[in-house]
Amino acid sequence: MTLDPVHVDTIAYLASSIADGVDDADHDDLAGTVWRDWLDPLREEGRPVVEPVGDHELRRAAVEDAALAERPFETSHGVDSGTLNPTSFKNGLVLDVAHAAMGSEPTDLDLHRGRSVVVTVHANDATVYFPDVTDDWSRYDDGHSERRVLKVPRTRRFADETVHELALSLAESHHALQHVHLVDDLLVLDGPLYPKRLLNWATRDQELREVAYGDTVAEAVENYVRLVEACIDRGVPLVGFVKNPTTGYVTRTLDAKGVDAPWPDDTAMFTRLLELRADGERDTDAVTFTSWLYSRGGSDEPMSADGDALGVDRDRDPALYELTFMLVYEPREDVLFKVEAPAAFTEDDAVRDALTQQVVSEVAAEQGPPAAVRKADELARIGVGEKQSLRRKFEDRFGAEHLRTYDDVRWADDE
């Protein structure tokens with residue numbers, strides 16, 4: 001133990017002195033006001049960026065009733081991508097590895113065997129040549145899986161970010177697109193519906209803006225666009241289940257309008273809106289959730305009807321690709337989830353209701369993400385020991401050690 005009790009007590013005392021100056025008793029009322037008066041719709045420069053799809057309501061469902069409720073979709077499939085995390089080597093290379101898998105509920109072991117593996121590599125030296133890198137997908141494991149090496153665009157300041165985000169997005173979207181024909185009822189991505197970080201690059205530093213409109217990002221974004229189209233063709237709803245929503249777009253927009261939003265981000269605001277309390281105690285007997293909303297601002301703007309999709313052609317009415325979302329609050333764990341889907345599905349009243357019922361029932365039963373998402377996460381995850389083994393193999397092949405930091409030493413025992 002690094003802190004003696006006297007220090008713990010002192011820190012608690014300091015926290016108390018801070019708390020004495022904070023009165024959040026009116027935050028519940030403000031959250032309700034934002035929901036009623038500002039999100040129906042929320043406008044930015046006159047353009048509706050957040051507005052209801054159908055009814056504009058806050059809802060609740062008893063945990064036990066929701067968990068046992070009949071689910072509209074008999075089967076569901078989830079897709080996730082796990083990563084090594086960006087790794088720098090002493091020869092100047094920076095790389096990451098992403099490993100995507102599809103899980104199903106009920107379980108399908110043959111399906112679970114298939115993987116899509118992408119190694120992204122960044123070289124600061126423009127003269128570096130990789131003679132064996134063809135940039136094409138190739139099959140392995142008796143044809144069940146695919147692999148690829150991709151040299152990412154040079155961007156010295158953002159090497160870690162580019163190798164990570166491109167590996168993750170390309171592996172996930174490729175795997176989903178290659179296996180969507182096996183999905184009969186419902187497809188759930190573990191994470192956002194679209195690659196938000198890649199879409200955000202279009203509004204970032206000039207160096208990243210150039211990458212955002214380059215061929216590599218276009219390929220990843222196009223995969224997601226084609227996935228939406230394939231799901232429309234098959235009549236299979238597609239959703240993204242975001243376990244850790246981090247957006248702050250609504251609260252930033254409210255601040256710009258002069259609404260003094262006290263929350264650090266949208267997650268804090270919607271959690272406050274959906275959390276139920278009685279006599280100061282959190283009510284854990286009901287899952288609470290919002291109705292569906294369009295989102296056309298921030299990182300979702302490129303996929304809106306009047307967005308440019310980073311130059312990717314959309315074969316159908318662009319309005320069908322617009323992102324819609326709902327929020328689900330799980331009170332037993334005190335966590336908020338965001339569920340995203342293309343407007344092509346949620347604008348249909350029956351499909352929208354079915355998606356809502358399915359998600360709420362699964363969250364109530366699992367006390368967390370749907371079973372198919374959990375399975376995909378378990379399949380795709382690259383564990384600590386596997387990461388260490390992969391780094392050693394890369395060191396052997398490159399003849400160069402990876403760049404260690406003191407944290408590698410400091411946290412070695414914990415890992």
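This note walks through a predicted model of one protein chain, point by point.

1. **Ground rules.** Because this is a predicted model, local features need pLDDT of at least 70 and side-chain atom pairs count only at pLDDT 80 or more, while totals for chains, interfaces and linings use all residues. Residues are numbered from 1 along each chain as its sequence is written, and side-chain values use heavy atoms, with hydrogens and water left out.

2. **Overall build.** The chain has 15 helices and 17 strands; these are DSSP runs numbered from the N terminus, with helices (H or I) of at least four residues and strands (E) of at least two. Along the principal axes, the C-alpha atoms fill a box of roughly 65 × 65 × 45 Å.

3. **Inside and contacts.** Buried residues make up 48% of the chain (buried is under 20% relative accessible area, exposed over 50%, partly exposed in between, with a 1.4 Å probe and protein chains only). Of the contacts with a separation of 6 or more, 72% link residues 24 or more positions apart; a contact means heavy atoms within 4.5 Å.

4. The largest nonpolar core has 70 residues, and Leu-187, Tyr-194 and Leu-238 have the most contacts inside it. Helix 8 (residues 215-234) gives the largest share of this core, nine residues. A second, separate core of 26 residues includes Phe-73, Phe-289, Val-363 and Ala-364. Such a core is a set of buried Ala, Val, Leu, Ile, Met, Phe, Trp, Tyr and Cys residues joined through side-chain atoms within 4.5 Å. In soluble globular proteins, nonpolar side chains tend to be buried together.

5. **Two cis bonds.** Asp-40 and Pro-41 are joined by a cis peptide bond with omega about -5°, and Pro-41 lies in the loop between helix 2 (27-38) and strand 1 (42-44). Another cis peptide bond joins Glu-105 and Pro-106, with omega about 5°; Pro-106 sits in the loop between strand 6 (93-105) and helix 4 (109-113).

6. **Positive phi.** Where is Asp-141 found? Asp-141 is in the loop between strand 8 (138-140) and strand 9 (145-151), and its phi is near 55°, a positive value in a residue other than glycine. Asp-141 counts as partly exposed because its relative accessibility is 29%.
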